[in-house]
Amino acid sequence: MRIGMPHMGNIFIPFKAMFQRLGVDYIMPPVNNQRTLSLGVKHSPEGLCIPFKLTLGNLIEAAELGADTLLMIGGYGICRLGYYAKVQEQILHDLGYDVEMIQLGVSERKFFGLLKMIKRLSNNAPWTKIVPAIRFGLAKSNALDRIERVVQKVRAVEQVKGTANRLLAKAVKAIDQADDYNTLNKVRMDYIDQINQINKDGQTQPLIVGITGEIYVLLEPFSNLDVESELGKLGVETRRTLFLSEWTKFSFFLNSLGLNEKARIHKAALPYLKRDVGGDGWESVGEKVLYAKEYDGLIHLAPFTCMPEIIAQNIMPATKENIPVLTILCDEQMAKPGMLTRLEAFVDLMEWKRRAQKNH
Amino acid sequence: MKTYLGIDVGSVTTKFAVLDENNELVTNIYLPTQGKPIEMVQQGLKQIKQQLSNGADICGVATTGSARYLAGVIVGADLVKNEITSQAVAALQYIPQVQTVIEIGGQDSKIIIIRDGIVTDFGMNTVCAAGTGSFLDHQALRLNMNIEELSRRALDSQTPVRIAGRCTVFAESDMVHKQQMGHRTEDILYGLCQALVRNYLNNVGMGKDIQPPIVFQGGVAFNQAIVKALREELNNEIIVPPHHEVMGAIGAALLVHEEMVNSQNGSKFKGFEVSEIKYHTSSFECKACPNLCEIAQLSINGQVLAQWGGRCDLWERSQSR
């Protein structure tokens, strides 16, 4: 049994760490690239969203490299995601790949589902081995996210644009290669230091933009044309509403204990949307309400044809908590020049607004 | 005389505007881009040189429009600005109370919402070019008339025909169908204009708070039938400013004027000689990673001036200007 799985940002790093510690045979497909996208688009129904197409491309590439057991997120809910693993399995079979799909449920009892899945993948490894493996994976995820938070700040004010991003790429590699806690901690602190020491433009007070929307396009820069780096080049600091480590911490562990980080966001959305609409739509509305006072603007990332985010997009302009929102629809047709035009105009808009507030 | 030059290189037309120190329009030029942005920028510069009096001195240049970066490298721009901001700034110059700017160009259309003199929201067509100038051009060509005639005849309509305007392909088949049914051409043409306006308001204008005064800019504002259809649909006066077709260029010139007044440095304008230089454009596939990005480059005599088009900044960085 050789395991393969799709990408979503850096999610492959904690999984790799876990697999290595458990002696699971695995193969990671190449990180998202043009070929992945072309493969995914070619074999997907046209109206499906970019997360489906890219993950399908990953799974095909994993199968090409010899993976016979593929992991994919699944479960039920109002969004189409619930069917994705099944449909992708069918497509892979039609393409002639003899693969088995294992669904990782995100709907309920996730924690036990995850444990059960890992138990099975590791060929019944003892719990005393599984639990530390998961812990180490999570430690890597935490380290990655802590570095990225620093990068988001520095990118906006660095003198030589692109420096923080190059260090981030190196850090990701080093974290991936770290095989014990000592190395991991050292790598994390080293890179945070290095990134903090980048020469900065001390004069400017950067604009702060919140990034909200659907989880996949938020976490996978390939699918959003690296919108956060582009904003960094324009001198804008980004604050993403979602990080992998936090999401995992809550949805796999704390939620099972009855602690729900989403309660606060849902409460904020209540005057405008009273129920879950699938995906992350309810959260998008709630986050607009919550961050209206905090940030200069909000970028709302949504996959094209994503029903939950379309609902959110149409509710957002109506809230009385006012903040400029730019919705960016991500799909394979999206072109960088068009996105840059909108980003530049959005930055101008926020700067005007800030200047007007100062003069009052 | 100190003057400021704005150049708006769009997909279909290239516009130039020269302003004096009081932001009065000295001269403007409107050329078809014809897929040759570099040649058109050079040709426009040549014409401006002829039109400007000898005493005029260009103290700042800004470029805008979809080829703003390319044009910026060629002329040596002091400012490269997106077309949304440029259009908004120009509208505010002429109609300071403006609350809504409708701009319909060759390939894209925008809406800009302004309150108390600052932009609060904007929208741009995303997935479809339905409702832009190119489609009207195409239909005029198909009916064997020029765009001016289309506009004039559409205004003669008495009972406009309802045309499905959600998609240009369907709009076209619907038009053919209505022609075969024997409807008057005038009624079909105005029906088409109404369909384009509905399409614009349902897509670009969706969820936007459209309040008067409403200013209509861009090349399509030449078309009186579209102006009429907009007025009827929005139930409001539609203001078409005198130089509506070069507003992007005017906005860019206004912005660079402000920029240069606040700056210590002189203009980076390369001079009118630029129109004599032979530029060479080429492209190649970057092999640094599996993305295989198509990188476009601009050069003079084998010396690379600029490279762009990659997903990452590998090539843009190597220019290190």
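**The contact.** I looked up where the chains touch in this predicted model: the contact takes 20 residues from chain A and 20 residues from chain B. Two residues are in contact if their C-beta atoms, placed from the backbone, lie within 7 Å. On the side of chain A that touches chain B, α2 (34-43) and α15 (336-359) of chain A each supply at least two residues. The largest share, 10 residues, comes from α15(A). Helices here are DSSP runs of H or I, at least four residues long, numbered from the N terminus.

**Ground rules.** I noted that residues are numbered from 1 along each chain as its sequence is written, while chains are lettered from A and ligands numbered from 1 in the order in which they are written. Local features need pLDDT of at least 70 and side-chain atom pairs count only at pLDDT 80 or more, whereas totals for chains, interfaces and linings use all residues.

**Domains.** Chain B is divided into domain 1 (2-87 + 248-276), domain 2 (96-240) and domain 3 (280-319), with bounds from an automatic or database domain assignment. I found 25 Å between the centres of domain 1 and domain 3 of chain B, taken over C-alpha atoms.

**Cores.** I then turned to nonpolar cores, sets of buried Ala, Val, Leu, Ile, Met, Phe, Trp, Tyr and Cys residues joined through C-beta atoms within 7 Å; buried asks for 20 or more other C-beta atoms within 10 Å of a residue's own. The largest has 147 residues, and B:I7, B:C193 and B:A253 have the most contacts inside it. Domain 1 and domain 2 of chain B each give this core at least three residues.

How values were computed: Buried ≥ 20, exposed ≤ 12 C-beta atoms within 10 Å, placed from the backbone.
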